[in-house]
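Thanks for coming. I will walk through one structure today, starting with charged side chains and ending with a sheet.

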Amino acid sequence: MTELPGVTDATTPPADRATTPPADRATTPPADRATTPRADRATTPPVDWADPHWRDAALGWVGDQLGRLGRRIVGPVEPRVRPWSLVWRVPTDAGDVWFKANNPGTRYEAALLAALARLAPGRVLDPVAVDAERGWSLLPDGGRTLRDALGGDRSLLSRWERVLPEYADLQRVVAPGAGELLALGVPDYRPEMLPELFEALLDDEESLLLGAADGLTAEAYGRLRAHRPAFAEDCRRLAASGLTPTVQHDDLHDGNVFVAGDGHRFFDWGDASVAHPFGTLLVTLNSVADAFGLPEGDPALTRLRDAYLEPWSDGHDRPTLREAARLAVRVTRVSRALSWRRALRSADPTRAEYAAAVPGWLQELFAPDPV
């Protein structure tokens, strides 16, 4: 769910693009409410971003934060609105900044940005300002994205082999602070939590679009329900892998990475959760395969997986890491469905354009693994 204008919207992996449209549910079944953090409960009422009073308040906040730095707004903001967030490009006398307001389902992102800047300095953009309560953040311009740098040139695919270890290092540095992130409201998608969340999601027939053209058929629904024991076993094995839960971006593709002189900066954390770290590979490998036309199991994807896993080889043998990656990629398909449902808790009628991503990701449980 890429947020910044200038980053194209063709950023969702094949499963999202192949299965996106119809409606979502603004309520959460009891089992989900009992076992998930604030972001999934989404108890905060939605805000109307078109309300002039809201807009004036947000512009005033942006102006105040810039004023503290001796900067000022010098032109009209350029908005981009999605059901899950509003983003403004804000021109100032010292270059553009970016304001973001999250909906209730992704509001934790503002607090997470501040925490990551402190826990992993140099790996994310340092916010200009954050209002965690309102889900507002103000960020500097990040410059060129990895997508811009690659330009679809397959000869540059190996660039990912440098990016992924940097991201893995971020995850390892942040892991001791996972409890702090949960306290901030970052969703808890650790493997031991997922079976119950999966069960609750299957009870949410409206989000599954059961019987709708873009939703689950009765046959597919029955297959998912029958898959519950196998899914729980995958989660149990993943939880026993010995790898510490940490922040998991859950939408890491080339449009969500800035290229800097001293490395890379990772941004757009509105899908993030505290989870098994290797779940990241699901979207990353899918998006790379889609961008470069790579088939499942392509050696280039295997190299990227292994480059990402390498930082963990100081404490685990490679066969163990590869098996954990296989399990994580599989169970994270449920996390993706949960993320889409959470993001689409909005009164915005355009959410219907994306709602089929929820059942679509669940059906990916039976798709081949990318590697």
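Side chains of opposite charge can pair when their charged atoms come close.

Before going further, some ground rules. This is a predicted model, in which local features need pLDDT of at least 70 and side-chain atom pairs count only at pLDDT 80 or more, while totals for chains, interfaces and linings use all residues. Residues are numbered from 1 along each chain as its sequence is written, and side-chain values use heavy atoms, with hydrogens and water left out.

Now the overview. The protein chain has 15 helices and 10 strands. Both are DSSP runs, numbered from the N terminus: helices are H or I with at least four residues, and strands are E with at least two. Of the 371 residues, 56% count as buried. Buried means under 20% relative accessible area, exposed means over 50%, and partly exposed is in between, using a 1.4 Å probe and protein chains only. Take the contacts in the chain with a separation of 6 or more: 76% of them are between residues 24 or more positions apart. Contact means heavy atoms within 4.5 Å.

Helices α9 and α10 pack at an angle of about 155°, with their axes 11 Å apart. That makes α9 roughly antiparallel to α10. The axes are lines fitted to C-alpha atoms, for helices over the stretch in contact, and angles run from 0 to 180 degrees between N-to-C directions. Angles under 35 degrees count as roughly parallel, over 145 as roughly antiparallel, 65 to 115 as roughly perpendicular, and the rest as oblique. The crossing of α9 and α10 is left-handed, meaning that the near helix is turned anticlockwise from the far one by less than a right angle; clockwise would be right-handed.

Next, individual salt bridges. How many does the structure hold? The count is 29. In one of them, the side chains of D204 and R341 meet at 2.7 Å, N to O. This pair links distant parts of the chain, 137 residues apart: D204 is in the loop between α9 (194–203) and α10 (218–226), and R341 is in helix α14 (residues 318–343). Are these two buried or exposed? D204 counts as buried, at 0% relative accessibility, and R341 is buried as well, with a relative accessible area of 0%.

Another salt bridge joins R190 and D188, with the closest N and O atoms 2.7 Å apart. Here R190 counts as partly exposed at 23% relative accessibility, whereas D188 counts as buried at 8%.

D96 forms a salt bridge with R89, the closest N and O atoms being 2.7 Å apart. D96 is partly exposed at 23%, and R89 is partly exposed at 32%. R89 stands opposite W98 in β3.

So what is the order of the strands in that open sheet? Five strands form it, in the order β1-β2-β3-β5-β4, with antiparallel pairing. Two strands pair if DSSP finds at least two bridges between them. The edge strands, β1 (78–82) and β4 (129–131), each pair on one side only. From one strand to the next, the twist averages 15°.

Strand β2 (residues 85–90) pairs with β3 over six bridges. These two form a hairpin with six residues between them, and G95 in the turn has a positive phi of about 105°. On the other pairing, β3 meets strand β5 (residues 136–140) over five bridges, in the antiparallel sense, and F99 stands opposite L138 in β5.

Why is β3 described as largely enclosed by the rest of the structure? Because six of the six residues of β3 (residues 97–102) are buried. In a regular strand the side chains alternate between the two faces of the sheet. In β3, V97, F99 and A101 point one way, and W98, K100 and N102 the other way.

Conventions: A salt bridge is a side-chain nitrogen of Lys or Arg within 4 Å of a carboxyl oxygen of Asp or Glu.
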